[in-house]
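Okay, thanks everyone, let's get going.

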Amino acid sequence: MFFCFKTLTKKTLKIMKLKYVSNLFENLIDETSKKSEIKIYQEFIQIITSLENKDLSENEIKSIETELDRMKLRSNSRNRKKYYKKALNAFKNYLKETYSLTTKGYYTQLYGGLGLSFGLLFGVAILSNLERSLGLSLGLIGGMVVGSIMGRNKDAQAKISGKTL
């Protein structure tokens, strides 16, 4: 009988702890049939997988694990979708604030919304000499296009600098 024992390095320990959280969400996917819940769990798995592939220091790993422990992901709440959606948003905010890590399309979504807001103002203030609805429409479309372009550029910069999950 032959046993092969792989030596445990810090990297394999990190992967083991993050893999536990990933397995938790894979089990939750198997337990539910609701597409909205599955989408939340898959997003959590994608973020955890991206973190496994990042070259993080031991302190960063411990900090992330502490944050995951603090979220109490094993708890059985009545409304799991709401609970895990809230936990996902809190985890994303933690990664954004602590390590400047963002998810794919984060800035496109943010700047697109800002573009809509400023486009609305632009349409009302400047383009109001056109027909009112035409001015609003052009302002909204223009603002969304400009905001989306700026957001995509910012997402591309984040991806190049390795700050995207």
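Just so we're all clear, what you're looking at is a predicted model.

Let's start with α2 and α4. Helix α2 covers residues 35-53, and its axis sits 10 Å from that of α4, at an angle of about 30 degrees. Angles under 35 degrees count as roughly parallel, so α2 and α4 are roughly parallel to each other. As for handedness, α2 passes α4 in a left-handed crossing. If you want to click along, the α2 side of the contact is S36, E37, I40, Y41, E43, F44, I47, I48 and L51, and the α4 side is R80, K81, Y84, K85, A87, L88, F91, K92 and L95. By class, the residues of the contact of α2 with α4 come out as 11 nonpolar, one polar and six charged.

Next pair: keep α4, residues 80-99, and look at α3, residues 58-70. Their axes come within 11 Å and cross at roughly 155 degrees. The cut-off for roughly antiparallel is over 145, so α3 is roughly antiparallel to α4. The crossing of α3 and α4 is right-handed. Who's touching whom here? From α3 you've got E60, S63, I64, E67 and L68, and they meet F91, Y94, L95 and Y99 in α4. Split by class, the contact of α3 with α4 has six nonpolar residues, one polar and two charged.

By the way, F91 and L95 of α4 are in the contact with α2, and F91 and L95 turn up again in the contact with α3.

The contact of α5 with α6 has 12 nonpolar, 11 polar and three charged residues.

What is the volume of the largest pocket? About 270 Å³. It's lined by 14 residues, and the ones closest to the centre are K92, N93, T103, Y106 and Q109. Which helix gives the largest share of that lining? That would be α4, with five residues. Both α4 and α5, which is 106-125, supply at least two residues each.

Okay, that's my tour, happy to go back to any of it.

Note on methods: Residues are numbered from 1 along each chain as its sequence is written. This is a predicted model: local features need pLDDT of at least 70, side-chain atom pairs count only at pLDDT 80 or more; totals for chains, interfaces and linings use all residues. Side-chain values use heavy atoms; hydrogens and water are left out. Axes are lines fitted to C-alpha atoms, for helices over the stretch in contact, and angles run from 0 to 180 degrees between N-to-C directions. Helices (H or I, at least four residues) and strands (E, at least two) are DSSP runs, numbered from the N terminus. Angles under 35 degrees count as roughly parallel, over 145 as roughly antiparallel, 65 to 115 as roughly perpendicular and the rest as oblique. A crossing is left-handed if the near helix is turned anticlockwise from the far one by less than a right angle, and right-handed if clockwise. Contact means heavy atoms within 4.5 Å. Ala, Val, Leu, Ile, Met, Phe, Trp, Tyr, Cys and Pro count as nonpolar, Asp, Glu, Lys and Arg as charged, and the others, Gly among them, as polar. On a 1 Å grid over the protein atoms alone, a cavity is a set of points where a 1.4 Å probe fits but cannot get out, and a pocket is an open set with protein on both sides within 12 Å along at least five of seven lines; lining residues have an atom within 4 Å of a point. Grid points are joined across faces, edges and corners, and a volume is the space filled by probe spheres set on the points.
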